[in-house]
Amino acid sequence: MTTPKITSNISRRAFLKGSITAAGSVVATTGIARAATSLTHEKQEPLATLIDIRKCIGCEECVYACQAANAEKYPEPEKPFPKMVPPRVPVEDWSEKREVTDRLTPYNWLFIQTASVTVNGEQIDLTIPRRCMHCANPPCVKLCPWGALKQEENGLSRIDSDLCLGGSKCKKVCPWDVPQRQTGVGLYLDLLPALAGNGVMYKCDRCYNRLEKGEVPACIEVCPENVQTIGPRSEILKTAHALAREINGYIYGEHENGGTHTIYVSPVPFDQLNQAIETGKGKPHLNKVKNMMADGTQLAKAMLIAPLAGIAALVGKFYLSTKEDK
Ligand code: SF4
Ligand code: SF4
Ligand code: SF4
């Protein structure tokens, strides 16, 4: 694909608006609804989201909608924190910094990344919603030793905060370092303080409880620019390719880590975007990512872990039920 041409006498916004109008028919004709009505079929193709980067204006409405929709799932840690075991495990406390919105935290599962890029001598500013990619074959799910992560039939992955022991394996194996830990909360406090990770991990759960009711995720519903579209992955991919062809654009998420359920379409190449965004703790990159579950070692680990994780999850559930009975 070629780099999009931007003539010097039009603004970035005008350029993007123009290309959006030109490509508007692509999304409109596919039959994928922004407010999809059939998200809860018993047997369904995994759902994916198309994120059209050109449309995002960086207003953060989605960020605050995510926080409001998921506030009940956020951690309420017990303080003072118990002594960390082993002592080298760092305290990760975001409970006094809940207002942070410029990165992923246990209290902020979606943030807006900014990129200032020069294309054909013209500077354009892009804003990019970032959260869990919801990988098709998620290493976080396959390699959690406690079976605390699960992938639903609709493709979303989520962390069961009742079962997570905070060991952060999911974060170590995530190509984008997405899950974030809060200390002083969860099962480890009662169960395994000497062995576990001193907290619970948190990330976007794709608003699974809204999807179960046939509602779209909060971030999609609230967006004033219709940046995101949700639907069956095959249809989302068709739309993404049609859109990319129409705008001479680029796709991210179709093949990364073996394929994800989050498909970005951008008017500029992703390696260029990746150089322009700030990356680091809680700020995922946009690099190419190889399929880490295709690695024989990881596959073998997943096969070994699966039965143990199942047993650990059962033990955890049993422990929780006995605790509730007391
Ligand atoms: S609400 Fe929509 S336009 Fe606003 S920052 Fe989020 S994705 Fe972008
Ligand atoms: S992006 Fe990371 S946390 Fe999200 S599903 Fe993939 S591996 Fe798991
Ligand atoms: S899908 Fe739900 S949990 Fe995930 S970023 Fe959007 S609003 Fe937040």
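**View 1. Strand β10 and its parallel neighbour β1 in the predicted model.** In this predicted model, strand β1 (residues 47-52) runs parallel to β10, and four bridges join the two strands. Within this pairing, Leu50 has Ile263 of β10 as its bridge partner, while the bridge partner of Thr49 in β10 is Thr262. Strands of a sheet pair through backbone hydrogen bonds, either parallel or antiparallel.

View 2. Is strand β10 largely enclosed by the rest of the structure, or is it open? Five of the five residues of β10 (residues 262-266) are buried, and therefore the strand is largely enclosed by the rest of the structure.

View 3. Which residues of α7 are buried? They are Arg233, Ile236, Thr239, Ala240, Leu243, Ala244 and Ile247. These residues cover an arc of only 135° around the axis, which puts them on the same side of α7. Ser234 and Arg245, on the other side of α7, are exposed. The helix α7 is followed by Asn248, which has a positive phi near 55°.

**View 4. The shell around ligand 3.** Of the 13 residues around ligand 3, those that come nearest are Cys66, Cys204, Cys207, Pro217 and Cys219. At least two residues of this shell are supplied by each of α2 (61-70) and α6 (218-222), and the largest share, three residues, comes from α2. Divided by class, the shell around ligand 3 has nine nonpolar, one polar and three charged residues.

**View 5. The shell around ligand 1.** Around ligand 1 there are 13 residues, of which Cys56, Cys59, Glu61, Cys62 and Cys223 come nearest. Both α2 and β3 (122-130) contribute to this shell, each with at least two residues. The residues around ligand 1 divide into eight nonpolar, two polar and three charged.

**View 6. The shell around ligand 2.** Among the 13 residues around ligand 2, the nearest are Cys132, Cys135, Pro138, Cys140 and Cys174. By class, this shell has ten nonpolar residues, two polar residues and one charged residue.

**View 7. The hairpin of β2 and β3.** Strand β2 (residues 111-119) runs antiparallel to β3, and nine bridges join the two strands. Within this pairing, Gln113 stands opposite Ile128 of β3. The hairpin has two residues between its strands, and in it Asn120 takes a positive phi near 50°.

View 8. Asn226 has its place in the loop between α6 and β8. With 14 other C-beta atoms within 10 Å, Asn226 is partly exposed. The C-alpha atoms of Asn226 and Asp52 are separated by 8.6 Å, although the two residues are 174 residues apart along the chain. Leu211, in turn, lies in helix α5 (residues 208-212). Is Leu211 buried or exposed? Leu211 has 20 C-beta neighbours inside 10 Å and therefore counts as buried, because a residue is buried if 20 or more other C-beta atoms lie within 10 Å of its own. From C-alpha to C-alpha, Leu211 and Asn154 are 9.3 Å apart in space, and in sequence they are 57 residues apart.

Definitions and conventions
Residues are numbered from 1 along each chain as its sequence is written. Chains are lettered from A and ligands numbered from 1 in the order in which they are written. This is a predicted model: local features need pLDDT of at least 70, side-chain atom pairs count only at pLDDT 80 or more; totals for chains, interfaces and linings use all residues. A residue is near a molecule or strand if its C-beta atom, placed from the backbone, lies within 6 Å of it. Ala, Val, Leu, Ile, Met, Phe, Trp, Tyr, Cys and Pro count as nonpolar, Asp, Glu, Lys and Arg as charged, and the others, Gly among them, as polar. A residue is buried if 20 or more other C-beta atoms lie within 10 Å of its own, exposed if 12 or fewer, and partly exposed in between; C-beta atoms are placed from the backbone. Two strands pair if DSSP finds at least two bridges between them. The arc is that of the directions from the helix axis to the C-beta atoms.
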